[in-house]
Amino acid sequence: MTIAWLICQEPVHIGGADSSSRGNNNPIFRLPDRTPAIPGSSLRGALREHAESQPEYQPLVKNWFGGKEDISAGHIALGWGWTLWWPIHVLGYGNWWVSCLSWLNRFQQLSHQSLSLEPNKVYITEEQLKDKTVYLRWLKLNNVQYYPHTLPRPEQVPKNRLIIVPDDSINIIVDMGLVRQPRVSLKKLDEIDQAAERQENPDENTSLVNNLFSVEGFPPGAVFLISWTTRGKVEDVEEWRQFLYNEHFLGGLWSVGYGRIQISQIE
């Protein structure tokens, strides 16, 4: 099994399973403990669509991802995307990347590496903030401990901007960092004309708004851990690596600037 980084370059929206029951709110996908995650099927579908759009990879699509018409299995198995670092912007202090012990435990399980971290402690990789009180917006972190050792991170994440919080604080931080965008659906001209002909409420006739709704997204800079492995004979594994470790689009709302990600190898 090979693990890799998945970094959000722009907001990424993968709809939650309960989106249809949320009215005008389109939440992101979360696990039962409210941890953001990327289903393997979403990642696989996005990569397949990208490969199908590239002439040089089209002959390899069936071998990698399986057939559509004969429903054959592919020879590349993709795991889920697990959250590892979540960016938070603090006014006057810039961006910090926050994780927790349970997220880092997932990295240890998949990488077979060990980290010396104690539960219920707050760690920071900026030595000047050792034993200080740190405010992440409205969340107060007391008596933070300086962590001098190397933590797993992609090169895009500064090594001195990392914070590890207890598991029971991470959901608050996730909600802080989410991208939330209000969106509006406008009425069609013929709908406005028909409403005017029926002489409905004048206030309604002058409104161009058909519906208001909001969209959640993973923030730019969010770091996920993904895994892949092979089963059977894969045609041109090096070509697969070249394809995978690149920019892709994931989730919905591509046409309005969502979805761009970067997958990179863990050195």
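Mentor: Let's go through the overall build, then the rings, then the cysteines. Keep in mind that this is a predicted model.

Trainee: Okay, how many helices and strands does the chain have?

Mentor: Seven helices and 16 strands. Of the 267 residues, 45% count as buried. Take the contacts with a separation of 6 or more: residues 24 or more positions apart account for 70% of them. As for the surface, the chain exposes about 14,300 Å², and carbon and sulfur atoms supply 49% of that.

Trainee: On to the rings. What describes a pair of aromatic rings?

Mentor: Two things: the distance of the centres and the angle of the planes. A search of the whole structure here turns up 14 aromatic pairs. Take Tyr57 and Phe243: the ring centres are 5.0 Å apart and the planes sit at 65°, so this pair is edge-to-face, the cut-off being over 60 degrees.

Trainee: Where in the chain do those two residues lie?

Mentor: Tyr57 is in the loop between α1 (40-52) and α2 (61-65), while Phe243 belongs to helix α7 (residues 237-244). They are 186 residues apart, so the pair links distant parts of the chain.

Trainee: Are Tyr57 and Phe243 buried or exposed?

Mentor: Tyr57 has 6% relative accessibility, so it counts as buried. Phe243 is buried as well, with a relative accessible area of 2%. For contrast in geometry, look at Trp80 and Trp82: that pair is stacked, with 5.8 Å centre to centre and 20° between the planes. Trp80 counts as partly exposed because its relative accessibility is 32%.

Trainee: Last topic, the cysteines. What is a disulfide, in general?

Mentor: A covalent bond between the sulfur atoms of two cysteines. In this structure the count is zero.

Trainee: Then are Cys8 and Cys100 buried or exposed?

Mentor: Cys8 is buried, its relative accessible area being 1%. Cys100 comes out at 0% relative accessibility, so it is buried too.

Technical notes:
Residues are numbered from 1 along each chain as its sequence is written. This is a predicted model: local features need pLDDT of at least 70, side-chain atom pairs count only at pLDDT 80 or more; totals for chains, interfaces and linings use all residues. Side-chain values use heavy atoms; hydrogens and water are left out. Rings of Phe, Tyr and Trp (its six-membered ring) pair if their centres lie within 6.5 Å; planes under 30 degrees apart count as stacked, over 60 as edge-to-face and the rest as tilted. Helices (H or I, at least four residues) and strands (E, at least two) are DSSP runs, numbered from the N terminus. Buried means under 20% relative accessible area, exposed over 50%, partly exposed in between (1.4 Å probe, protein chains only). A disulfide is a pair of cysteine sulfur atoms within 2.5 Å. Contact means heavy atoms within 4.5 Å. Accessible areas come from the Shrake-Rupley method with a 1.4 Å probe; for residues, only the protein chains shown count as cover.
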